[in-house]
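Have a look at it first.

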Amino acid sequence: MKDIMKMLLMGVALIATSLPALAEDKPQAEVITSWTSGSEAAALGVIRQEFERRGGVWKDSSIAGFGAADAAFQNRLVAGDPPAAKQAVIGLANTDFVNQGLMNSIDDVAKAGKWADVLPKSIYDLISYNGKVYLSPSDAHGESWVFYSKEAFAKAGVSEEPKSWDEFFAALDKLKAAGIQPVAWGGQSWQESKVFNMILLTQVGIDGFLKIYVDKDKSDASTEGVKKTLDILGKLRAYVDEGAAGRNWNDATAMVITGKAGVQFMGDWAKGEFVAAGKELGKDYGCMLAPQSPGMVYVADSFSFPKIADAASQKGQALLAEVAMDPTVQVEFSLRKGSVPMRTDVDKSKLDICAQKGLELMSAGKIVPDQALILSPQQAGALNDFVDEFWTNPSEDSSSGAEKFFAIFE
């Protein structure tokens, strides 16, 4: 009997000592994102659930606000305690991290999944550095959208989507006369710069936009386009409420959802908030490109993977890269976040009319990149500061504003 008990105890001890090893052997990933709104959290949940379904152990470290999440991530890097993954915008913002040897390449995962065959070339190029893939793209967003409350438009007598800026301001005047806040404004510099960019595209066109941001062109045509952009931006001040300063984007979206405001300038991620609130596109709210827009400003999300010694986290990085690029995951993620899948081979039938319009523009090449994709982080930050300073200083004219804008690139 003693021998049997001894064997049983030894077996229990063996199982107990093996359990931690089995847990440690699973792919693990601590993931830092700024996806904390209702729609963003729901979208991230799609990736997390699939990651866990495939045997991964997920630790969420989401932090509200992209800037705050970025700062926390960089502090972790400096301290030598990086997470396994970080939500990142594709493009130049990651170049320094890669060149300093702080990021793991996921080139093997990309080759195994034949990403080069299923991603637009422009996107594939922006997730590759020094000939290797370092980022796993999750979705793309159009940033030239204006969302509007159908209820507010009906009350104000606005029967059609404005086709020009003159018609747009006439619609805002009708909203104001009906006692409805015309514009739900997100009073943060990054939001203001996106409005600046969507207006700029309407004034200079796709080629002109690229000349300014890529070629740093200061010709008379470019200068005049920036002046006109600032004139339109400045005119919008008269339609914004006093409580706009510092307002989060999703709080501004809520004003449109509830019919308290008429329109919001925002990327298509705002759709996720309408979906989460049970609102139906075409019935409760509508989406239109900024008036006279020839195309769409876009930005694309991804995951980056810091160098990390832990073997389980390295496995987690590879698994997360695969999951984020899974065709079904990309569609379900986009449905919740209001974005567009990055893969060209996904089932598009579930996408709404706004997302399908965005895909049409991307397929036709009628897109220009957000400044975060093509400017250095320092220049992108300087642009945010410039737009915020112009917005909060009504006395500044567009001519001096244009001079300050082009000084960003010097």
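Q: Why is Ser39 called buried?
A: Buried means under 20% relative accessible area, exposed means over 50%, and partly exposed is in between (1.4 Å probe, protein chains only). Ser39 has a relative accessible area of 2%, so Ser39 counts as buried.

Before we go on: this is a predicted model, where local features need pLDDT of at least 70, side-chain atom pairs count only at pLDDT 80 or more, and totals for chains, interfaces and linings use all residues. Residues are numbered from 1 along each chain as its sequence is written, and side-chain values use heavy atoms, with hydrogens and water left out.

Q: What does Ser39 touch, and where does Ser39 lie?
A: Ser39 lies in helix H2, residues 38–53; helices (H or I, at least four residues) and strands (E, at least two) are DSSP runs, numbered from the N terminus. Contact is heavy atoms within 4.5 Å, and setting aside residues up to four places away in sequence, Ser39 touches Trp249, Trp269, Gly272, Glu273, Arg336 and Lys337.

Q: What makes the link between the side chains of Ser39 and Glu273 a polar contact?
A: A polar contact is a pair of N or O atoms within 3.5 Å; within protein, one must be able to donate a hydrogen and the other to accept it, and residues adjacent in sequence count only if both atoms are side-chain atoms. The Ser39 and Glu273 side chains make theirs at 2.7 Å.

Q: Is Asp284 buried, exposed or partly exposed, and how do you know?
A: Asp284 has a relative accessible area of 28%, so the label is partly exposed. Asp284 sits in the loop between helix H13 (270–276) and strand E10 (285–289). A polar atom of the Asp284 side chain lies 2.7 Å from the backbone nitrogen of Glu280.

Q: How do you know that Cys287 and Cys354 form a disulfide?
A: The cut-off is a pair of cysteine sulfur atoms within 2.5 Å. For Cys287 and Cys354 the S to S distance is 1.7 Å. A search of the whole structure finds 1 disulfide. This pair links distant parts of the chain, with Cys287 in strand E10 and Cys354 in helix H16 (residues 353–363), 67 residues apart.

Q: Why is that disulfide called left-handed?
A: Because the torsion about the S-S bond of Cys287 and Cys354 is about -95°.

Q: Are Cys287 and Cys354 buried or exposed?
A: Cys287 is at 13% relative accessibility, so it is buried, and Cys354 is buried too, at 4%.

Q: What makes Glu52 and Arg48 a salt bridge?
A: The rule asks for a side-chain nitrogen of Lys or Arg within 4 Å of a carboxyl oxygen of Asp or Glu. In Glu52 and Arg48 the closest N and O atoms are 3.1 Å apart, and they form a salt bridge. The structure holds 22 salt bridges.

Q: Why are Glu52 and Arg48 separated by about one helical turn?
A: Because they are 4 residues apart in helix H2. Glu52 is partly exposed at 35%, and Arg48 is partly exposed at 31%.

Q: Why do strands E8 and E10 count as edges of their sheet?
A: The open sheet of 4 strands has the order E8-E9-E7-E10, with mixed pairing. Strand E8 (181–183) and E10 each have a single partner strand, so one side of each is left without a neighbour in the sheet.

Q: How do you know that E7 and E9 pair?
A: Two strands pair if DSSP finds at least two bridges between them. Strand E7 (residues 145–149) and strand E9 (residues 261–266) have 4 bridges, in the antiparallel sense. Within that pairing, Tyr148 stands opposite Val263 in E9.
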